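Thanks for coming, everyone. Let me walk you through one structure, piece by piece. Have a look at it first.

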Amino acid sequence: MLTLNNVGKTYPNGVRALEGATLEVGPGEIVVVVGGSGCGKSTLLRLVCGLDRPTHGSITLDGTPITAPHEKIGMVFQEPRLLPWLSVADNVGFGLTDRPREERQARVALQLERVALHDKAAVWPRELSGGQAQRTALARALVTRPEVLLLDEPFSALDAFTRTDLQDHLLDLWADAKPTLVVVTHDVDEAVVLADRIAVMRPRPGRVFAEIEADLPRPRDRQSAAFDAVKRRVLNALDRSLDRAVKPGHEDVRANQGAALWW
Amino acid sequence: MSVVHVTVTAERPVATREADRSARLARLARPALGLLLPVGAALLWEIAVRAGLSDGRLLPPPSRIFQEFADLYRTGELQRHVVATLLRMAFGFGLGTVAGTLLGAISGYSGLMRRLIDPTLQGLRAVPSIAWIPLFILWLGIFETSKVALIAVGVFFPVYLGVMAAILSVDRKIVEVGQVFRLSPPAMIRRILLPAVLPAYVVSLRSGLGLGWMFVIAAEFMGASEGLGYLLIDGQQLGKPAEIVAAILAFAVLGKITDAILAGVAAPFLRWEDVVTRQ
């Protein structure tokens, strides 16, 4: 159980990036955090990852406070952040160097197989496409078998086709060991495809504004009416989070525009 | 159907073999193109002197310079001077590189140390290094120590600056990857910082080496009994332009060879670089 209790982050320059954020994520659950820019959703993820420390409140994983990067918590950034001087295989094995060589090689090979990059093991990162690079980053985070995997807008830099492909791919990978996933995104479709639960955040100061259950059967049909219904609830919550209350009768128009996040 | 098949299989190897041959030719032709200008100029000068258009006294033709090289080689003078200069360079370059790398790493890694030592070093860097010669001679004598010290000073600054700047410009995003994987400080240096600064480090070593060659001449001008710089002075005082040009050429060759060695040693470690020149 990952618990955020009244978490706040005020930067030394006085900017309150996050205030009173409270969230509970159960084992194996997929929680997607959405919100407009400046709502502190990336800050939230950096705090959970241990890269930054909260100025208020606490973050605990199974009762253990998180104040620094933790071996059970993995992270995938918006950019692949591969080390350019290591081959794809060595990048994937980066977090396994304390393991015996045979075990490391076996686990790296298996993980590369899982992200369909086994034929790229020996190439440099510069030779990968954007989608391949992000899959390598996913493999690097998953190969250490984290209990919690954090993903900060992992697919936002990819083209639409690659993005949906990787969303499905992520769910496949998740099904292997069912780690807890916390995904930050500004793409509502992505949120509804991935999430068990969607946390909507509001800006200035950032806080969790609403939580929406997405209890749709998997695999999810992006065209189904049920999918649209959840999407509309998220978009509504986003509009309300930005103090743009939707007037009765205009809900559908707003939702179908699907652009609430781009203001 | 079968005809098409046969022609395709028969043509393929020929085409690739031809492509191989032209690729090999291109590889050979590239340095040859660089030789065109100096060799052409030398040939023209040789012809001009032979034709009596000039007596070639102040600028001897290639044949006379070659003769000078042969004479110096036969008497063992060339080897003696080259070895003396190379030894000074090796010690000076080694000393300057070690000091520059250490101090550059310290002030790149620690903000406190940077504020403490960098202003002083930048102040010293502003002194033209030749200005140290009188002091070094007073402190270290006129023999090898003062010469090595001068070369080391010349090598030190580009290496120091290069290492410090390289460390300061390491991408925070890559460092965060190391943090997520909970690298200890030594592991962070070995696995993230060192590889990240390596390309810039090699460049700073090469510019340090270039400055080292400048300073070795300055050092040998300040009273040496052997070395290529001594050969230059000797040629000037005895009015032997062929000896001067021979020494200059020797410098050019040594400088180019040492730089190529440095670049060649570094190249296998930098194959990962995503650069324009790699096609």
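**A short tour of the model**

Start with helix 1 of chain A, residues 41–49: it lies across strand 1, strand 2 and strand 4 (56–61) of chain A, and runs at about 60° to strand 2 of chain A. Some terms, quickly. Helices (H or I, at least four residues) and strands (E, at least two) are DSSP runs, numbered from the N terminus. Axes are lines fitted to C-alpha atoms, for helices over the stretch in contact, and angles run from 0 to 180 degrees between N-to-C directions. Contact means that the C-beta atoms of two residues, placed from the backbone, lie within 7 Å.

Now the ground rules. This is a predicted model: local features need pLDDT of at least 70, side-chain atom pairs count only at pLDDT 80 or more, and totals for chains, interfaces and linings use all residues. Residues are numbered from 1 along each chain as its sequence is written, while chains are lettered from A and ligands numbered from 1 in the order in which they are written.

Next, the sheet under discussion. It is an open sheet of 4 strands in chain A, order 2-1-4-5, with antiparallel pairing. Which strands are at the edge? Strand 2 (16–25) and strand 5 (64–65) of chain A, each pairing on one side only. Two strands pair if DSSP finds at least two bridges between them. Strand 1 (residues 2–10) and strand 2 of chain A are joined antiparallel over 6 bridges.

Two residues deserve a stop. A:Asn6 is in strand 1 of chain A. Its phi is near 55°, positive, and it is not glycine. A:Asn6 is partly exposed, with 13 other C-beta atoms within 10 Å. The cut-offs: buried is 20 or more other C-beta atoms within 10 Å of a residue's own, exposed is 12 or fewer, partly exposed is in between, with C-beta atoms placed from the backbone. A:Asp62 also is not a glycine, and has a positive phi of about 50°. A:Asp62 sits in the loop between strand 4 and strand 5 of chain A. It has 11 C-beta neighbours inside 10 Å, so it counts as exposed.

On to strand 7 of chain A, residues 148–152. Is this strand buried or exposed? Buried: 5 of its 5 residues are, so the rest of the structure largely encloses it. A:Val148, A:Leu150 and A:Asp152 point one way from strand 7, and A:Leu149 and A:Leu151 the other. In a regular strand, side chains alternate between the two faces of the sheet. Strand 6 (residues 73–76) of chain A pairs with strand 7 in parallel, over 4 bridges. There, A:Met75 stands opposite A:Leu150. Strand 8 (residues 180–185) of chain A also runs parallel to strand 7, joined by 5 bridges. A:Leu149 has A:Leu181 of strand 8 as its bridge partner.

Now across to chain B. 14 residues of chain A are in contact with 11 residues of chain B. On the chain A side, 9 are nonpolar, 1 is polar and 4 are charged.

Last stop: helix 4 of chain B. Its 15 residues, 111–125, should span 21 Å at 1.5 Å a residue, and its end C-alpha atoms are 20 Å apart, which agrees. That expected span is 1.5 Å times one less than the number of residues. Helix 4 of chain B is hardly covered, with a buried count of 0.

Notes
Ala, Val, Leu, Ile, Met, Phe, Trp, Tyr, Cys and Pro count as nonpolar, Asp, Glu, Lys and Arg as charged, and the others, Gly among them, as polar.
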